[in-house]
Each structure stands twice: as structure tokens, then as C-alpha cells.
Amino acid sequence: MHRTRLLCALALIAASLVSACGTADPGWPPQQTRFALLPALVSAEVTLGQNRLLFNILDANTNQSIAAPDRPVEVRLFDFSTDRTRPAMTAQAAYMATVEGRPGLYRVIAELTRAGEWGVELSATEADGSKRIGRMVFPVREAGSTPAIGAAAPLSDTPTAGTDDEIAQISTDDDPDPDFYRESISEALAAEEPFAVVFATPAFCSSATCAPTLDLVKSVAAQYKNRMSFIHVEPYELEEVDGELRPVLSEQNSPIPVKAVNTWGLPTEPYIFVVDRDGNVSAKFEGIASADELRAAFEQVSR
């Protein structure tokens, strides 16, 4: 009897040590892989504080996206430094359309209070009421590479243009709005006026979401042009080849980022930043955004 109790006590101590050290947990990948759903974190920048997290959901058998507006998803976030079994936050994700003909993504606003390893559990509800669940582990960093909310927007001498021909030399947008090329980021900061800047390349976007993102900003911007400025920046160096713009390639055959991309620390594109009259970043959107999100951000800085 005493031997049994001793073994049980030792087992409990060992289990608590495993949990405390943050080592193998059978409930989380990579130890546990038998999930009907595969979450995919799309956001490249996940840091301490408030985050706008974008997720895709994949069928575990086909590895294909099953994101859909009629498939609601619940998000549960776990801070592994405190508890691997009870979520630090639970929220219903918002579905967001991306490119026409392609599945969308799910968005959740999350306050991440510690740097380190976190887990996310996504639960998708099917039409018959059944649920498919998946888990993944992801890192939260102390800080990101882009300017934080409230930080000063970096000075950047981005290209400007005054005629259609000049715009065609600096933009791959097939239907450019001339107002997006009238001033540089540095000029907008010097004028002490609110503005939004869109880093996007409609012609060469790896995610195919740059053109829809830029089009969305242009459509929402129409009602705010008398209150703030808008700037479009191509994220890669361009050159004209046979009458068409082409990205300048490095020795590794990769597009070369323009100076402003490095100054703003962009890990990906498209990216949208909203800057207030004081020259501070008021909002930022990695990847796709919704019209409601943009309106709220523009309203905040243009009052």
C-alpha cells in the first residue's frame, strides 16, 4: 500500500515538473497530431500587447482550406507560461473575405500578456452542429519589426507623381488614384496631417491580396480625402522593361525591397498604417483588412 502511494506521489511530482518546465504535452503539437482541423496562423508579426491575428483553417485529411462565412470558428488562446489546460482568452472569430474565388480568413483581436510560447485551439462549427477542432503552438515576441501602436512613424522619402505618365513609372496599380501619389510619407509628416499609407504591389504580390487590399483602401478613402491623406508605396524596386514595370532582382533572384520597407520593418506585404496628426502610428493592418476596420481607424485620426 505504502509502495503504491509512493509511486503515485512520484508520478504526480514528475507530471508537475514536466508541466512547469514547458516540455512535452500530449494535448498539443507536435506530441498530439490527431486533429480534424489544422489551424494556420497567417500573421507574421505576433508580439506583446494587442494583436490582430489572422488564421486559416485546413481540413486535416485534404490539407485544403475550409474557411467559409457560414462556418463559425471559436478561438481559445493558451499562455503556456501559466496554464496549458485553461485558456487565457476565448473569442468568436470574424470571417474575412480575401480574393474572389478563394477561401477567406478568420480574424480575432487578442491581448497577449507575455512573450514566449502560446497555444491556440480553433473550433469550427459545421452545418449539422458538429465541431471540428485543431490546435497549434506559436511564439509571441517581445516586440515586432514594424512601428508599434503609438510609436512615431518613420520618415521616408517615398516616390510622388503628378501626372498619369509619372504614376505609371512608380505604381503597378492598373487603376491608380492620383491622390495616392501626391505626397511622400515625409511630406505628410511635415504637414502634421493624418494619413494612411498602403505598402502593396498589385502586380507582384506573393499572396495575391495586394490589389484587393489597395482597392479596398481606395474605396473607403473616398469619404475621408477632405480630412486626411492617402499614400500608396510599391514595396519593391521597379524598373521599366519593354514598356512594363518589373521588379529589380537581387543576385539571389529575389525582389529588392525599397528603403521605406526596411525603414518600416515590414515582414510581409500588403501592410496598412494609419498615422495621426502627431505623427504616431494609430492603427496597422497586416494582410487583408475589412472596410469597417478601416473606417474606424480613419475616423479616429480624422476627427
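Start by selecting two helices, α4 and α6: α4 passes α6 in a right-handed crossing (right-handed means the near helix is turned clockwise from the far one by less than a right angle, left-handed anticlockwise). What you have open is a predicted model, where local features need pLDDT of at least 70, side-chain atom pairs count only at pLDDT 80 or more, and totals for chains, interfaces and linings use all residues. Residues are numbered from 1 along each chain as its sequence is written, and side-chain values use heavy atoms, with hydrogens and water left out.

**Stop 1: the helix pair**

To find the pair, pick residues 210-221 for α4 and 291-302 for α6; their axes come within 10 Å and cross at roughly 50°. Axes here are lines fitted to C-alpha atoms, for helices over the stretch in contact, with angles from 0 to 180 degrees between N-to-C directions. That angle makes α4 oblique to α6 (under 35 degrees is roughly parallel, over 145 roughly antiparallel, 65 to 115 roughly perpendicular, and the rest oblique).

Now show side chains: Leu 216, Val 217, Val 220 and Ala 221 of α4 make the contact with Ala 291, Leu 294, Arg 295 and Phe 298 of α6. Contact means heavy atoms within 4.5 Å.

**Stop 2: around Phe 298**

Apart from residues up to four places away in sequence, Phe 298 touches Ala 196, Val 217, Val 220, Ala 221, Tyr 224, Met 228, Phe 230 and Val 274.

Phe 298 is also one of the residues touching the most other members of the largest nonpolar core, which has 25 residues. Such a core is a set of buried Ala, Val, Leu, Ile, Met, Phe, Trp, Tyr and Cys residues joined through side-chain atoms within 4.5 Å; buried means under 20% relative accessible area, exposed over 50%, partly exposed in between (1.4 Å probe, protein chains only). Elements giving two or more residues to this core include β9 (195-199) and β13 (271-275), while α4 gives the most, with five.

Next, select Leu 53, Phe 55, Val 73 and Val 120, which are among the 23 residues of a second, separate core.

**Stop 3: Ala 93**

Jump to the loop between β4 (89-92) and β5 (94-96), where Ala 93 lies. Is Ala 93 buried or exposed? Ala 93 is buried, at 14% relative accessible area. Beyond its neighbours within four places in sequence, Ala 93 contacts Val 73, Val 75, Tyr 106 and Arg 107.

**Last stop: zoom out**

The whole chain has six helices and 14 strands (DSSP runs numbered from the N terminus: helices are H or I, at least four residues; strands are E, at least two). Its C-alpha trace spans about 90 × 45 × 40 Å along its principal axes.
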